[in-house]
Amino acid sequence: MTAHPPFLRTAEEIARARDRLERLPAAREVAERTLALADRWVAFSDASLRAIVPPPEVPRAFNTSFEGCPIHGRALFAYGNYSWRFDPFAAPWKLTCPVGGETYPSNDFAAFLASGMHDRRLLTGPYADDGRGWQPPTGDHKHWFVAYYCHWLWQDHLIPATLALARAYLLTSDEAYAHKAGVLLTRIAEDYPRMDINRQSRYAAEFVPSYTGKIVNAIWETGTARDLAEAWDAINQTVLADAALGADAATLVERDLLREALAAIPQRRILGNYGMHQQAAAYLALALGDPDQAAATIRNLLLGWPGMDGFQYEGIPAVLANLFSAEGISYETAPGYASIPSNMLPALLEPLRRLQDLAAHAALPHVLAEHMTRLAALVTWPPRLVCLGQWTPAIGDSGTAAAPSITDVSREALRAVYEQTGDAAVATRLRAMAKDGAAFQHYGDLFAGALPGLAAATPEPAPLESDVLTDYGLAILRSGAGRGATALTVHYGRANAGHAHADRLNLEFFGAGRKLIPDLGYPQFAADDKRANAWDRNTGSHTLVVVDGQAQPSRNGGDLLLFARSPWLQAVAANAPAYPQAETYERTTLLIGDGERTPAYAVDLFHVRGGRRHDYRLHGPDLPIQAENVAFGPELPGTLAGPDIPLELLWDDPALEQPDRARSFGTYAGCGDSFLYGIQAAQTPSDTWRLRWGADDGLRVHVPPSDAAQVFLAWGDVPRRPGNPERLRYLILRHDGATDPLESTFASVLEPVIGVPAIQAVERLDSGGPGAIALRVTHGDGNDTILIADPEHGLQAAGFRLAGRLAVVRADRAGAPYAAYLSGRSLQGPGIAFTSTAPLRGTISGVDAEGREVVIDLQEPPAAPDGVARGLTGTVFAVEGNHQCALILSADPVGPQALRLRLDRTALVGRLTIEAVHGATITTRTTLYPPFGGRDDIGRHLEGTWLAASHATCRLDAISIRPPQGHTLKLDAAVDDAFVPNAVANLLAWHVGARVRLTPAAWWAR
């Protein structure tokens, strides 16, 4: 072993940090967080430090039990999922319940451990635990008190202590810190090869036999390996000169910790969300200081681990091209999890450069340079999702049901991208994060140099307007500001990821300063827990239509049909292939009003055709509820599944209720009706009726007559997380019948209330029809007439005639129209008549290099090209024959029959390396979408796109997963010699010759 100076912190950076600590109180304040922790541990003797490290034979568990506390049950989780309290210094091996204050286990585990875990006479008391849990008198699973203590001793104490000691040495040059870090590192290295979470954990023993890891599970172990590598990189020089650690200390750490950890990555024992094990590998290679290992690690990171299957081992450039949306959001779907690679990959830019310096290999260029545009997108998407300045939509395993929660990326990730690109949007984000003036906020800031040009950046981001992320599949409607602000989200995108929910077209509504229609957010556990899978993630707990009492079986994304934004109207329409028996599953949602006098209200229309039973479900906030113009009966026994079905019994999948069940709860296909209880039923009123949540500020839901034959209220529990309510009140509108396919149209008007309600009446004007509705909403400023229809058939009602999909007419208090919107060909009604050229069809005749600008040759010349161009801005560009679309940012006429459009995204949707060609079939080992759960129905978004290589293009007809790695692509014709093995080909959402569909918006004002 040859000692080396730190590679993760250069000598210049270390000197800068030490100088700042001497001169600047603000820097010292940030450093104190690290130094205070280090000071606590540096005071221990070497023997005490070694003794506190538990041997591998003591199991680890991230939670004692999914049932919570033996006495207080799941009330424990109101304090957090990992809320047991313990103090390894004052009361070793004891957990304290935060609800009742009692301690577990009842035996002295320290004495039992000292006996070599053999003397079972020491297992005393009612809650004795030998390390492998206490078995309750009833129930299938144990409570693993000791294993929980051991896991969190490592996670919250031993690993942070080791890192803090090493960092304290870098900041102060005090070798006492380095020595104690060396004691812990050598002690850990002694046992690290024997660490195997598969044989030493609760989760592998009771739930997933294939569960892997080292000290902790494979995902969290990426952070353990990274932190221990950083610690060694900081102190390795002092260890060689530290006689008290022994002559073999450095060899031991290198061989049995660092290289053992590197080997564990391709062994799948250190393997996390994409970017996590890549970061661990880079840190481990730098800590080793070995040029050959540095070169191998660069190859692994950029080209992929050789011989390894799975997208987790693919190179960064391939993953950037295929597993991130055009907006920069990863395959994870859930914003919280999607932010992981957004943080990790930009932070790898500098370690990669330092690895290249260490490898001293001129043939290893920094190939990420050509991907900087995509890397910049990774750090700029989070603000686009924020609603009312307080919430990121709780899509998938993300967010909460009530408390403010914003997903963002770190300042370090933003800084890494800015250093490479100087991107103005990134600079604005950095300025916004530092608006409190604090130059030093985190440990890494102490070492960082100045960023040139940042001071000139715009200090605040522009106010957010309605937005749509066309590739990710999320529409966000926004109106107003301050207390009058409202926002509404509809997520229609694909969800082929482990942290996604069965919730295509789910809606969340924000207003009156709170979540008015919240998603439940992160489940109680992101694990094989019954409630998490059968309820929290299930279609039945979301604001959706449930078909035939089933969870949505499809994870494919839908199509954006309409998007509109203006000062007074925001609108979105989208569909989803959520149920195979439903040929139509479509939602149209409007936000009407400018939010100046009163908050904007929403109109929600859900149209379903197929199946035999439809349940429209909606839940409000955690506020008292009052019904108006409808009488609900008393609470009934049982659950929504039936009066004899107990709470949480999976009556529709009894095999999952067996103690020896062979399947995970993730395979449950019902909709969770047994999780809805306290059922109240009502006769369906013949006129509009209302539910109001909250006596003052809150939500009022107006329900006009619809196809619903039955109406229910029910309670549904919420994940027990800090800030969450215990339960929410659900509204269920049910339509069932003997016809197959059944067709339903459900409508509601969602009104944020601040004090006095603004809406005076909601009247249905039409006589009913599939997928169509006409409403008049009367309020203090006049009334709005809303017409929603199947665009092929239009709608006539109350003197209005719509030829198209949507029209909204605003009238003053005297009933005179003064503003209107049209998506369609024409609108006629009292006091108003205007037309549009929509829809337009044409063919792409020109595309720029990225596909962001296209020229469209229209089938027919529009009567007013300039007016058509203006009407296209902010509307949808849709490609016929596939499921790709984009938002039109601007449009300009090019002669009498052509338009130049600037789009919000590039045409690139994938890049692959061809493995083999057989006529019209191509195989590739490149992962174009991840095969979660073994599903092979999730490539719909790529079908109909173009495969382009060199001078040739072909249409992709079908795509499937090709085990053990990659895909099989079936093209529309045999390919030419441009498609050969090892050639790189791009998948394009649109191309010259593609037919497109455009729907200009038409606006009218008196």
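**Charged and aromatic contacts**

Glu-260 counts as buried, at 18% relative accessibility, where buried means under 20% relative accessible area, exposed over 50%, and partly exposed in between (1.4 Å probe, protein chains only). This is a predicted model, in which local features need pLDDT of at least 70 and side-chain atom pairs count only at pLDDT 80 or more, while totals for chains, interfaces and linings use all residues. Residues are numbered from 1 along each chain as its sequence is written, and side-chain values use heavy atoms, with hydrogens and water left out.

The side chain of Glu-260 meets that of Arg-269 in a salt bridge of 3.6 Å, N to O, a contact defined by a side-chain nitrogen of Lys or Arg within 4 Å of a carboxyl oxygen of Asp or Glu. Arg-269 also counts as buried, with a relative accessibility of 18%. Side chains of opposite charge can pair when their charged atoms come close.

Arg-415 and Glu-419 meet at 3.1 Å, N to O, and both lie in helix H16 (residues 411-421), 4 residues apart, or about one turn of the helix; helices (H or I, at least four residues) and strands (E, at least two) are DSSP runs numbered from the N terminus. Glu-419 counts as partly exposed at 46% relative accessibility. The salt bridge between Arg-613 and Asp-673 has an N to O distance of 3.3 Å. Because Arg-613 lies in strand E13 (residues 613-619) and Asp-673 in the loop between strand E15 (636-639) and strand E16 (676-683), this pair ties together parts that are 60 residues apart in sequence. Arg-613 counts as partly exposed at 22% relative accessibility, whereas Asp-673 is buried, with a relative accessible area of 5%. Beyond these pairs, Arg-50, Glu-57, Arg-187, Glu-190, Asp-191 and Arg-194 are linked in a network of salt bridges.

Turning to the rings, the structure holds 40 aromatic pairs, where rings of Phe, Tyr and Trp (its six-membered ring) pair if their centres lie within 6.5 Å, with planes under 30 degrees apart counted as stacked, over 60 as edge-to-face and the rest as tilted. Phe-66 and Tyr-203 form an edge-to-face pair, 6.5 Å centre to centre with 70 degrees between the planes. This pair links distant parts of the chain, with Phe-66 in the loop between helix H3 (46-52) and strand E1 (95-96) and Tyr-203 in helix H7 (residues 202-206), 137 residues apart. Phe-66 counts as buried at 5% relative accessibility, and Tyr-203 counts as buried at 9%.

The rings of Tyr-821 and Trp-1003 have centres 4.7 Å apart and planes at 50 degrees, so this pair is tilted. Tyr-821 lies in strand E27 (residues 817-829) and Trp-1003 in strand E41 (residues 1002-1005), so the pair ties together parts that are 182 residues apart in sequence. Tyr-821 counts as buried at 2% relative accessibility, while Trp-1003 counts as partly exposed at 37%.

Phe-66 and Tyr-203 also belong to one aromatic cluster, whose members include Phe-62, Phe-77, Tyr-82, Tyr-148, Trp-152 and Phe-525.
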